[in-house]
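Work through the exercises below with the sequence and the 3D view open beside you. Try each task before you read its solution.

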Amino acid sequence: MFSITADYSADWKDARVYILSDLHIGDANADVETIRGRVQQIADDERGLCILNGDLLNTAVRHSVSDVYSEVLSPVEQINTVVDLLAPVRKRVIAANTGNHENRVYKTDGIDIMRLICRELGIEKRYSPEGVLCFLRFGNKTATERSNCRKRQPYIYTIYATHGGGGGRKEGAKAIRLADMASVVDADIYVHSHSHMPMIMKQSFFRVDVQNQKAVPVDKLFVNDAAAISYGGYGQAGEFKPASKQSPVIHLGGECKTMKATL
């Protein structure tokens, strides 16, 4: 499993993690104004970070569900548009992976479009097509929480992000997909996309503390991102429900380990 460490200031008292996924740039129904607003929100947040969680492009191909003939941008134009949109927040990206829409191109032509985008943005080292386990470190533990007499020790949040896959029209099926991420890897936070349904939930879990030989109760945070696409196209033709465009924001503490998400 691909993992990375993202280090930020010990002086940060908090941080926010935004998710950019299911933008579907190139689709006639992509809501570019909403996308610009979300990118600007990240850029304006001094302690705002970002996960690129797939399906940034629509990349319809001839035999895909999406309609290749209704695309408003060519594949190259989609790449250029996404790179230009994300340039202001490229240094805020802590993890990136690919979605099923970009993967269409890999399946037909062997080209990893998301890797090209990440290379253009200078964040290729934070990219893995399947998913990323991110160790996000910032803030400063209190004296009683520190180990080994260190003067400074950051809080560490583990975040597992992957675009996701599979079908399921009902809300329950989408929630199950999200919750099932915990069966893959033990993490504090799970970030999922694909189903276009903004969702936040928490579950309790006993984490094994080998050093102290005990089980520690913890809460895990599960977040499913929204899509920035208006209703229409194959979604309407397939009788899928309209989806909210409100994207969850993850809030993390730098003075004590706390995590929540809001819409």
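This is a predicted model: local features need pLDDT of at least 70, side-chain atom pairs count only at pLDDT 80 or more; totals for chains, interfaces and linings use all residues.

Residues are numbered from 1 along each chain as its sequence is written, and side-chain values use heavy atoms, with hydrogens and water left out.

**Exercise 1.** Classify the pair formed by the rings of Y8 and W12.

Solution. Begin with the rule: rings of Phe, Tyr and Trp (its six-membered ring) pair if their centres lie within 6.5 Å, and planes under 30 degrees apart count as stacked, over 60 as edge-to-face and the rest as tilted. The structure holds 4 aromatic pairs. In the case of Y8 and W12, the centres are 5.2 Å apart and the planes stand at 20°, so the pair is stacked. Finally, Y8, W12, F138 and Y157 form one aromatic cluster.

**Exercise 2.** Decide whether Y8 is buried or partly exposed, and do likewise for W12.

Solution. Buried means under 20% relative accessible area, exposed over 50%, and partly exposed in between (1.4 Å probe, protein chains only). Y8 has 22%, so Y8 is partly exposed; W12 has 16%, so W12 is buried.

**Exercise 3.** Find which rings have a charge over their face.

Solution. The test asks that NZ of Lys or CZ of Arg be within 6 Å of the ring centre and within 35 degrees of the ring normal. R169 lies over the face of F240, at 4.1 Å from the ring centre, and K257 lies over the face of Y157, at 5.4 Å from the ring centre.
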